[in-house]
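Please brief me on the fold, the salt bridges and a few individual residues of the structure shown here. Keep it short and give the cut-offs.

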Amino acid sequence: MPAISTGKVLVTGANGYIAVWVVKSLLDAGFAVRGTVRSESKAGHLRKIFASYGDKLEIVVVDDITKEGAFDAHVTDVDAIAHTASPFHLKADDPDELILPALHGTLGVLRSARAHGAHVRRVVVTSSVAAIMHSNPHPGQPLVLTEADWNDEDVATTRALGRAADGAVKYRASKSLAERAAWDFVEKEGKALGWDLVVLNPPYVFGPVLHEVGSAEELNQSAHDWYVNVVKSPLDDEARASVGASWVDVRDIAQAHVLALLKPEASGSRFVISSSAFKWQDWVNAAHEFEPSIPANPSYDRSKADFPLTYDNTKARTVLGIKFRTIEETTKDTLEDLKAHGWL
């Protein structure tokens, strides 16, 4: 498929943490954007912060992404779609609270694109490393995961335990099921589609916020985790030096959406969009350099930290050409953003 370098892009869930940055990145790259939100009350903030782009931005209401045909009217004149709308929280009781919106929302967009997206040439779906991660088949040895890996374990666990499954397991199952369904849809439809699929799989997403948030306590899941563990720093030195995961800056995953449209060679691929692994002490020590009131641990040595699970970002760097921000860059910008909001 040819790359998409101009035209209009539909961004679903446009008021979300990642999606607002996707909208900004697309507008900055010269695209026109039609963003969907669940209610008109969610639209005002977007119109305000992107007012300088004029009629390049259009906001429409899709109150329920799981409804059949929810996106039909909004794909008819777009050249590409960035599907970011999917719930991310770890508090679901019934697994279907996460699975149904993720699964039906994704399939709904694809069905609309098939039936009514005559001009659509590429669909980019925001998935997660939650659809990739799995247990280590060789305990004691480092596990490096790539785009070839799939998380079938949490799907099986969620099916077996239902409501009793851990919240994080339910979330990871929702991302796995939704992404599998997307690839299965494209494989089944084959050449009947006039567009191709690209999937982006980020881990923890950190960085400044553009979306509407009333207080630090109302931040989205990942940004709130950063705020609590870095600014409030409730963990002791041992925990901060041993607890961690992998991460990417929100502006980098947003730019990955643009690159996924611009690069012809991205066609039909999934990409791990991960900067690096981290321990919370990495962030706290970096934060101390910019905000001395946040206490550092000078005895912490990252070179001696154990990272049993990491993600290989080679494909994203070589095919998409993405350049990832560092922990120090993201820390500096996030602290400045927290101060600007009056939360630090």
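The points below go from the whole chain to single residues.

This is a predicted model, in which local features need pLDDT of at least 70 and side-chain atom pairs count only at pLDDT 80 or more, while totals for chains, interfaces and linings use all residues. Residues are numbered from 1 along each chain as its sequence is written, and side-chain values use heavy atoms, with hydrogens and water left out.

**Whole chain**

- The protein chain has 11 helices and 12 strands. Helices (H or I, at least four residues) and strands (E, at least two) are DSSP runs, numbered from the N terminus.
- The radius of gyration is 20 Å, which agrees with the value near 20 Å for a compact globule of 344 residues. The radius is taken over C-alpha atoms, and the globule rule is 2.2 Å times the number of residues to the power 0.38.
- Along the principal axes, the C-alpha atoms fill a box of roughly 60 × 50 × 40 Å.
- Of the 344 residues, 54% count as buried. Buried means under 20% relative accessible area, exposed means over 50%, and partly exposed lies in between (1.4 Å probe, protein chains only).
- The chain exposes about 14800 Å², and carbon and sulfur atoms supply 51% of that area. Accessible areas come from the Shrake-Rupley method with a 1.4 Å probe; for residues, only the protein chains shown count as cover.
- Among contacts with a separation of 6 or more, 78% join residues 24 or more positions apart. Contact means heavy atoms within 4.5 Å.

**Strand β1 and its partners**

- Strand β1 spans residues 8-12, and four of its five residues are buried, so the rest of the structure largely encloses it.
- β1 pairs with strand β2 (residues 32-37) in the parallel sense, over four bridges. Two strands pair if DSSP finds at least two bridges between them.
- Between these two strands, the chain passes through helix α1 (residues 17-28), and the β-α-β crossover is right-handed. Right-handed means that, with the strands pointing away from the viewer, the path from the first strand over the helix to the second runs clockwise.
- β1 also pairs with strand β4 (residues 80-83), in the parallel sense and over four bridges.

**Salt bridges**

- The count is 21 salt bridges. Each is a side-chain nitrogen of Lys or Arg within 4 Å of a carboxyl oxygen of Asp or Glu.
- Arg-114 and Glu-189 meet at 3.0 Å, N to O. Arg-114 lies in helix α3 (residues 96-116) and Glu-189 in helix α5, so the pair ties together parts that are 75 residues apart in sequence. Arg-114 is partly exposed, at 40% relative accessibility.
- Arg-240 and Asp-237 bring their closest N and O atoms to 2.4 Å apart. Both belong to helix α7 (residues 237-242); being three residues apart, they are separated by about one helical turn. Arg-240 is buried at 7%, whereas Asp-237 is partly exposed at 39%.
- Arg-302 and Asp-282 form a salt bridge of 2.5 Å, N to O. Arg-302 sits in the loop between α9 (280-290) and β12 (309-311), Asp-282 in helix α9, and the two are 20 residues apart. Arg-302 is partly exposed at 34%; Asp-282 is buried at 9%.

**Single residues**

- Ser-174 lies in helix α5 (residues 167-189). Ser-174 is buried, at 1% relative accessibility. Neighbours within four places in sequence aside, Ser-174 contacts Leu-98, Ile-99 and Ala-102.
- Ser-233 is in the loop between α6 (221-232) and α7. Ser-233 has a phi near 45°, a positive value in a residue other than glycine. Most residues other than glycine have a negative phi. Ser-233 counts as buried, at 15% relative accessibility.
- Gly-190 is in the loop between α5 and β7 (196-201) and is partly exposed, at 36%. Gly-190 and Glu-97 are 93 residues apart in sequence and 31 Å apart in space, C-alpha to C-alpha.
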